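Here's a quick briefing to read alongside the model. Have the sequence and the 3D view open as you go.

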Number of protein chains: 2
Amino acid sequence: MAIHYPNGKKAPLHDANFQPKKQVQAVQFGKRGMSFEEKINRSNEYYLTQQMAVIHKKPTPIQIVQVDYPRRSAAVIREAYFRQASTTDYNGVYQKHYIDFEAKETQNKQSFPLRNFHEHQIEHFRQCLHQGAICFVLIWFSAHHLCYLYPAEDLLAAWDAQHKTGKKSISFQTIAEKGFKIQEGYAPQIPYLQALDQYLQKKE
Amino acid sequence: MAIHYPNGKKAPLHDANFQPKKQVQAVQFGKRGMSFEEKINRSNEYYLTQQMAVIHKKPTPIQIVQVDYPRRSAAVIREAYFRQASTTDYNGVYQKHYIDFEAKETQNKQSFPLRNFHEHQIEHFRQCLHQGAICFVLIWFSAHHLCYLYPAEDLLAAWDAQHKTGKKSISFQTIAEKGFKIQEGYAPQIPYLQALDQYLQKKE
């Protein structure tokens with residue numbers, strides 16, 4: 001059966017945003033195994049309730065094919081497919097700034113592979129920067145247990161250079177130098193607004 | 001079977017964002033019956049390609065329960081439910097401004113009923129305005145074939161007043177006075193950035 005997607009691309013077999021139900025429940029009991037994404041989502045909730053920023057994760061785009069409407073209960077989607085997102089995962093507003101970012105994890109110790117990005121995410125950053133947006137990546141180095149806010153401008157420079165230099169990653173050292181370190185905390189767990197303040201100060 | 005949603009609310013039986021497949025196809029043939037939402041989506045595509053603004057509709061939030069992974073083909077979602085969105089439908093960046101809006105249609109001639117909004121959308125506007133965002137509603141009066149950009153500040157004033165005055169709608173006259181008229185066009189079909197420019201000029 002051929003499924004035609006609106007953007008002409010096949011839906012990915014595995015979707016980073018999809019979380020099976022049991023995983024979601026596991027998170028609720030004792031916060032074991034909380035993913036980087038989940039920590040960011042909770043940090044965003046914290047920032048929202050503290051009236052510090054309004055930043056949300058975008059829902060995973062789904063192509064719905066068939067829906068059942070059972071009597072006296074909620075509509076059930078019976079056939080649907082994951083679609084490729086045309087933007088990054090997070091956006092919102094912080095002190096008049098339009099904020100746009102992606103969250104990425106790597107197990108690598110020495111570098112951050114550029115294959116973590118899709119062309120459309122890079123293109124979206126480019127479009128946003130053109131409008132004066134504040135764009136970055138939150139990179140989690142799981143081996144080092146370290147988090148950095150890395151500006152999209154620097155990411156784009158590395159992305160564009162790879163076709164000339166063949167360098168398919170950004171070294172950990174470069175990220176530590178050009179990026180802004182985020183110390184994991186309790187509330188919020190990923191206090192990225194502090195790093196963002198430093199980045200905004202440097203930009204001005 | 002009890003389904004527990006993350007926000008503790010039942011999924012709505014009908015979701016404004018859900019479009020059956022046949023409707024999407026109908027739009028492609030001769031543009032008959034194109035919905036207001038579809039016109040806005042196309043206007044956003046126009047603005048994006050013309051590098052005038054980066055504004056996207058957020059995907060409908062879906063709670064996924066069961067997914068099949070057939071061999072050699074895309075993952076199929078077999079059980080999922082519509083969730084209540086916690087934000088408005090559209091956001092993005094325009095000339096450094098964070099833009100956030102809802103699109104609403106009414107068949108009413110004399111007024112725009114406030115029941116078109118959910119409490120959480122109003123709350124989201126309040127949170128965004130607190131951060132210095134530009135928030136509004138695009139209202140389509142189908143009987144008049146007229147479109148207005150109506151500032152969120154004025155909407156919130158009407159929303160808050162209804163509990164005292166009992167007035168559950170905003171009169172067409174008020175919207176025509178305080179709002180910014182949008183003349184339907186060809187490319188883009190809903191040229192709302194022109195109205196937005198007027199609104200921004202008035203705000204400054």
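**Cis prolines, a helix pair and the chain contact**

B:Pro188 sits in the loop between β10 (180-182) and α6 (192-203) of chain B; helices here are DSSP runs of H or I with at least four residues, strands are runs of E with at least two, and both are numbered from the N terminus. This is a predicted model, where local features need pLDDT of at least 70, side-chain atom pairs count only at pLDDT 80 or more, and totals for chains, interfaces and linings use all residues. Residues are numbered from 1 along each chain as its sequence is written, chains are lettered from A and ligands numbered from 1 in the order in which they are written, and side-chain values use heavy atoms, with hydrogens and water left out.

- Most peptide bonds are trans, and most residues other than glycine have a negative phi.
- In chain B, a cis peptide bond links B:Ala187 to B:Pro188, with omega about 0°.
- Chain A has a cis peptide bond between A:Ala187 and A:Pro188, again with omega about 0°.
- A:Pro188 is found in the loop between β10 (180-182) and α6 (192-203) of chain A.
- A:Lys96 isn't a glycine, but its phi is positive, near 75°.
- Look for A:Lys96 in the loop between β4 (90-94) and β5 (97-106) of chain A.

**α3 against α4 in chain A**

- Helix α3 (residues 119-130) and helix α4 (residues 152-165) of chain A have axes that come within 11 Å and cross at roughly 130°; axes are lines fitted to C-alpha atoms, for helices over the stretch in contact, and angles run from 0 to 180 degrees between N-to-C directions.
- α3(A) and α4(A) are therefore oblique to each other (under 35 degrees is roughly parallel, over 145 roughly antiparallel, 65 to 115 roughly perpendicular, and the rest oblique).
- The crossing of α3(A) and α4(A) is left-handed, as the term is used when the near helix is turned anticlockwise from the far one by less than a right angle.
- On the α3(A) side, the residues in contact (heavy atoms within 4.5 Å) include A:Ile122, A:Phe125 and A:Arg126, while those from α4(A) include A:Leu156, A:Trp159 and A:Asp160.
- The residues of this α3(A)–α4(A) contact split into seven nonpolar, no polar and four charged (Ala, Val, Leu, Ile, Met, Phe, Trp, Tyr, Cys and Pro count as nonpolar, Asp, Glu, Lys and Arg as charged, and the others, Gly among them, as polar).

**α3 against α4 in chain B**

- The axes of helix α3 (residues 119-130) and helix α4 (residues 152-165) of chain B come within 11 Å and cross at roughly 130°.
- That makes α3(B) oblique to α4(B).
- α3(B) passes α4(B) in a left-handed crossing.

**Salt bridges**

- Over all chains, the structure holds 16 salt bridges (a side-chain nitrogen of Lys or Arg within 4 Å of a carboxyl oxygen of Asp or Glu).
- One of them pairs the side chains of A:Asp160 and A:Arg126, at 3.0 Å from N to O.
- A:Asp160 is in helix α4 of chain A and A:Arg126 in helix α3 of chain A, so this pair ties together parts 34 residues apart in sequence.

**Chain A meets chain B**

- The contact takes 47 residues from chain A and 47 residues from chain B.
- Chain A and chain B bury about 4,300 Å² between them, with 63% of it on carbon and sulfur atoms; buried area is the accessible area (1.4 Å probe) that two parts lose on being put together, summed over both.
- Between chain A and chain B, the salt bridge count is zero.
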